[in-house]
Amino acid sequence: MTLPAGQSDKPCEGNRSLSEAPFEAPGGEAELPCITSLLDFKLRRAQLLVFHDFATTLAKLKLRPAEFSVLAMIAKYPGQKQTTIAEGLGIKRANFVFLMDSIEARGLAERRKGRADRRSHSLYLTEEGKRYVDRMTALWHEHENRMIGRLGGRENLERLTELLDRLLGTSAGGGNPMLTDPH
């Protein structure tokens, strides 16, 4: 393919870096940035890489990422209402019921009717579920360590987390305000 005069077929040659905003061509007209220098492109590619590694790691236990999240929340907040966990994870009620049906069918967790409100269900891990969460946690640590290694160490992870918190407008290390200690 032949490009117009003054343009290169090398990726992003001559394009400014993200720090050189705004993107303007010499004549004052807007210049399109190189797609690979866009923040959203880089964040999405990084998210896909991390998520793929996470999903591949969990596949060793025949576990999907959504199931991991539900089991982790039940383990961390035993006795929490299923509606609270679903809201905290941003999972629609119908989808959460399907997830819990699957987890319960595998013998990993159980629903118990609430004492005060018999319409609500509190969630608990079974003994098998507790053992399964231990194996799941070990695999999660393997995944985390691989990603930390790719970042070049824990200091870089902390810096990335700080920057992402700033971008998201969240506080570092903040818990999920939707989940409360049921005890």
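**View 1. The lining of the largest pocket, sorted by residue class.** The lining of the largest pocket holds 16 nonpolar, four polar and four charged residues, where Ala, Val, Leu, Ile, Met, Phe, Trp, Tyr, Cys and Pro count as nonpolar, Asp, Glu, Lys and Arg as charged, and the others, Gly among them, as polar. This is a predicted model, in which local features need pLDDT of at least 70 and side-chain atom pairs count only at pLDDT 80 or more, while totals for chains, interfaces and linings use all residues. Residues are numbered from 1 along each chain as its sequence is written, and side-chain values use heavy atoms, without hydrogens and water.

**View 2. The centre of the largest pocket.** Of its 24 lining residues, Ala46, Gln47, Val50, Leu160 and Leu164 are the closest to the centre.

**View 3. Helices around the largest pocket.** At least two lining residues come from each of α1 (39-58), α2 (65-76), α5 (127-151) and α6 (154-168), helices being DSSP runs (H or I) of at least four residues, numbered from the N terminus. The largest share, eight residues, belongs to α1.

**View 4. Leu167 in helix α6.** Leu167 lies in helix α6, and this residue counts as exposed because its relative accessibility is 54%, exposed meaning over 50% relative accessible area (1.4 Å probe, protein chains only).

Definitions and conventions
1 Å grid on protein atoms, 1.4 Å probe; cavity = no way out; pocket = protein on both sides within 12 Å on 5 of 7 lines; lining within 4 Å. Buried < 20%, exposed > 50% of the residue type's maximum accessible area, 1.4 Å probe, protein only.
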